[in-house]
Amino acid sequence: MSGNNKRWSAVETDVEPEILEDMGVGMLEDEGHGDGQKKQKRSLEQESELSSPLCEPVSEPNGNESRLQPSQQGRSLDYRKNDELGEDFFLYRRKQPMNLRGEDVFLKLSDEMVLMIFRWLPKNMLVRCSLVCKRWQRIAYDEVLWTRLDLGSRSLNPGNLGHVLIRGTIILRLAQAEVSDPVFFSNCSLLTRETPCKLQYLDLSMAVISVKGLADLLNVCKNLQKLSLEHCTLSDKACAAIGQNHNLDVLNLSACYGITQGCISNILTGCRKLSALNIAWTNLSLAALNTLCTELPRSLQRINISGCRKTLTDNHVRQLVTACPELVELDLSDCTSLTSETISIVTKLDKIEYLALSRCYSITPAAYLQLSSVSSLMYLDVFNLMSEQSLANLQDNLREVDVNKFLFSSVARPTVGIRRTSIWGLRVRD
């Protein structure tokens, strides 16, 4: 070094500053530039401390730590310079994680094994699984997974019911559900007869559905065995569709509206295998009652025609007993026109087990003593007719009969009591 105190600078030498630093030679520059270098170094050290999880020092081959490098945890260090403000800064970026493709274990399983796994999933999850791939869609829509379905108290959008039935549903509960029109879209395979409807057990009790929608739904159902339409509004077209189910065994039409003589005739003409019929509180006309009592199938064992206050007479009961001699349950409650002659007619039924004559005020209490000759009778309901003393005397004369045990009739009803997970003894939930 000469006496003029001339300092070394990085511009005047051809040697790399990193090499000089490793050799122990400090880089000397002008005072102003030196102060800036120190500030930049301090700023870099502070950045290093604050961003220690993001960056880590990398050692040179000689063992000295030379500069900051991004850590091995998927982060990158980017040096930027802001020309407007005259400042240098470092921008740390987190690298996007690599999409490691794992092994699809379902490819090793057969369709039968995947089907067994899907059986543990709820129905809404099955719909989501059907969106994964074509194979999962084929398996998720297998009819084994959709055999039984509970949509009670649900709101169905237009066309949803058609999507459900084409999956092969056999047991369907729609009690208190709201079904929007149209029930089926025009391109539904059920309407074009490409896919037959396999529905056998249908509960539409107190469902909100239009007259046309109900007729369209029943028109595609040809294999029904048990049907409940309690508190629904019927039409001649809907009743004609019910008559197409020749294997119908149980029919519940209690509290339905719009039942005419033509409706009764259409139903009884096609459904000759009925064993249980509930047509209570339907406000049947005299002509409809005449058709009902004369055209009932001989196979009928249980019937409820209560609520015919002034239309049902003793003559109708005589026709009923003649047409259906195999009756086991008979509910004639709230038929105020019946007289004591009805008791004499009922005693001709050899297999009668349950008889309900509640609020039949024209029948005298003494007439019920004739029922002692019916050995098969097990239950007798005569609510709101007798005093406690008269009931006690009746019980003494009918010791093998339970008097006033059931408040409501269970004839053809899909559910009894508070149970809502089954219809006619069949589970609706997996």
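Two strands pair if DSSP finds at least two bridges between them, and the elements themselves are DSSP runs, numbered from the N terminus, with helices (H or I) of at least four residues and strands (E) of at least two. The model is a predicted one, in which local features need pLDDT of at least 70 and side-chain atom pairs count only at pLDDT 80 or more, while totals for chains, interfaces and linings use all residues. Residues are numbered from 1 along each chain as its sequence is written, and side-chain values use heavy atoms, with hydrogens and water left out.

The aromatic rings come next. Rings of Phe, Tyr and Trp (its six-membered ring) pair if their centres lie within 6.5 Å, and the planes count as stacked when under 30 degrees apart, edge-to-face when over 60 and tilted for the rest. The structure holds four such pairs. Tyr354 and Phe406 have ring centres 6.1 Å apart and planes at 70°, so this pair is edge-to-face. It links distant parts of the chain, since Tyr354 belongs to strand β15 (residues 354-356) and Phe406 to the loop between β17 (402-403) and β18 (422-423), 52 residues apart. Tyr354 is buried, at a relative accessible area of 8%, whereas Phe406, at 33%, is partly exposed; buried means under 20%, exposed over 50%, and partly exposed in between, with a 1.4 Å probe and protein chains only. Phe406 also forms an edge-to-face pair with Tyr379, at 5.2 Å centre to centre and 70° between the planes. Here Tyr379 lies in strand β16 (residues 379-381), 27 residues from Phe406. Elsewhere, Phe106, Phe118 and Trp136 make up one aromatic cluster.

A charge sits over a ring if NZ of Lys or CZ of Arg is within 6 Å of the ring centre and within 35 degrees of the ring normal. Trp146 has Lys123 over its face, at 5.9 Å from the ring centre, and the charged end of Arg167 over its ring, 4.4 Å from the centre.

On a 1 Å grid over the protein atoms alone, a cavity is a set of points where a 1.4 Å probe fits but cannot get out, a pocket is an open set with protein on both sides within 12 Å along at least five of seven lines, and lining residues have an atom within 4 Å of a point. The second largest pocket has a volume of about 590 Å³, where a volume is the space filled by probe spheres set on the points, joined across faces, edges and corners. Among its 24 lining residues, Lys123, Asn124, Leu149, Leu151 and Arg154 are the closest to its centre. The largest share of this lining, four residues, comes from α6.

The largest cavity holds about 40 Å³ of space and is lined by Leu253, Ile264, Ile267, Leu268, Leu277, Ile279 and Leu292. Helix α9 (residues 261-270) gives the largest share of that lining, three residues.
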